[in-house]
Amino acid sequence: MEKGRIIFLNGVTSAGKTSIVEALQEREDVFFYVVANDLFQEMVGEKYLRENYWKYLSEVIIMMYHTAKLYSDMGKNVLIDGILVEREEITPHYQQLTEILKHNPLDVVEVYCPLDICRKRNILRGDRAENQSDEQHELMAKNIAYSLRVDTSLHNAAECADMIIRNLF
């Protein structure tokens, strides 16, 4: 059985990852299952996240990658909506991702948006701290081998989805 493609949308909060996921899921030419940091974080009780956020989040993120691998191994395409951060609890994060998925077709897409625009989007959302994107940017893993970069300040989610399909499929 041919393995499904795994597309990791990597970017800070409010960069536009989830909007691109939604645009990709609207397409009729390629079907994706979705795993996301936010969805897997909900698997951990609030009590535990308050006690030791990064410990529990790092564990569930690694489980998310194994879930994506399982779907891919079953021939299913997968979108990962997340952010590759380097924190003590998960370092080396990017290397762990690539090790878990070394036998699967993985493409990491940089979802870029200038931080000043992310700050404005955070305020409009109302469920994020204004500077949350800046904080995540400081934690982002370096030296990632990106397959593609999309800029959500220049292109809407549907245009970014088109770029992803055109360039990676």
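Student: Which residues of H1 meet which residues of H7 in this predicted model?

Tutor: From H1 come Ser-19, Ile-20, Ala-23 and Leu-24, and they meet Ala-157, Ala-158, Cys-160, Ala-161, Ile-164 and Ile-165 of H7. Contact requires heavy atoms within 4.5 Å.

Student: What classes of residue make up the contact of H1 with H7?

Tutor: That contact has nine nonpolar residues, one polar residue and no charged residues.

Student: Why are H1 and H7 called roughly perpendicular?

Tutor: Helix H1 (residues 17-26) and helix H7 (residues 157-168) pack at an angle of about 70°, and their axes are 8 Å apart. Angles of 65 to 115 degrees count as roughly perpendicular. The two helices are therefore roughly perpendicular to each other. Their crossing is right-handed.

Student: What makes H5 oblique to H6?

Tutor: Helix H5 (residues 115-125) and helix H6 (residues 132-139) have axes that come within 8 Å and cross at roughly 135°. An angle must be over 145 degrees to count as roughly antiparallel, and the roughly perpendicular range ends at 115. H5 is therefore oblique to H6.

Student: Which residues of H5 and H6 meet, and how do they divide by class?

Tutor: In H5 they are Leu-115, Cys-118, Arg-119 and Asn-122, and in H6 they are Gln-132, Ser-133, Asp-134 and His-137. By class, the contact of H5 with H6 has two nonpolar, four polar and two charged residues. Arg and Asp count as charged, and Arg-119 and Asp-134 are among the residues that meet.

Student: Why are H3 and H4 described as roughly parallel?

Tutor: The axes of H3 and helix H4 (residues 93-100) cross at roughly 25° and come within 10 Å. Angles under 35 degrees count as roughly parallel. H3 and H4 are therefore roughly parallel to each other. The crossing of H3 and H4 is right-handed.

Student: Which residues make the contact of H3 with H4?

Tutor: H3 contributes Ile-61, Ile-62, Tyr-65, His-66 and Lys-69, while H4 contributes His-93, Gln-96, Leu-97 and Ile-100. The contact of H3 with H4 has five nonpolar, three polar and one charged residues.

Student: How do you know where the largest pocket lies, and what is its volume?

Tutor: Its volume is about 680 Å³. Its lining has 32 residues, and the closest to the centre are Thr-13, Lys-17, Asp-38, Arg-128 and Gln-136. A residue is counted in the lining if it has an atom within 4 Å of a point of the pocket. At least two lining residues come from each of H1, helix H2 (37-41), helix H3 (46-73), strand S3 (78-82), H5 and H6. The lining divides into 11 nonpolar, 13 polar and eight charged residues.

Student: What lines the second largest pocket?

Tutor: Fifteen residues do so, and Glu-110, Tyr-112, His-137, Met-140 and Tyr-146 lie nearest the centre of that pocket. About 230 Å³ of space lies in the second largest pocket. Strand S4 (residues 106-112) gives the largest share of the lining, three residues. By class, the lining has 10 nonpolar, three polar and two charged residues.

Student: Which peptide bond is cis, and what is its omega?

Tutor: The bond from Thr-91 to Pro-92 is cis, with omega near -5°. Pro-92 is located in the loop between S3 and H4.

Student: What is the phi of Ser-14, and where is this residue placed?

Tutor: Ser-14 has a positive phi of about 70°, although it is not a glycine. The residue is in the loop between strand S1 (6-10) and H1.

Definitions and conventions:
Residues are numbered from 1 along each chain as its sequence is written. This is a predicted model: local features need pLDDT of at least 70, side-chain atom pairs count only at pLDDT 80 or more; totals for chains, interfaces and linings use all residues. Side-chain values use heavy atoms; hydrogens and water are left out. Axes are lines fitted to C-alpha atoms, for helices over the stretch in contact, and angles run from 0 to 180 degrees between N-to-C directions. Helices (H or I, at least four residues) and strands (E, at least two) are DSSP runs, numbered from the N terminus. A crossing is left-handed if the near helix is turned anticlockwise from the far one by less than a right angle, and right-handed if clockwise. On a 1 Å grid over the protein atoms alone, a cavity is a set of points where a 1.4 Å probe fits but cannot get out, and a pocket is an open set with protein on both sides within 12 Å along at least five of seven lines; lining residues have an atom within 4 Å of a point. Grid points are joined across faces, edges and corners, and a volume is the space filled by probe spheres set on the points.
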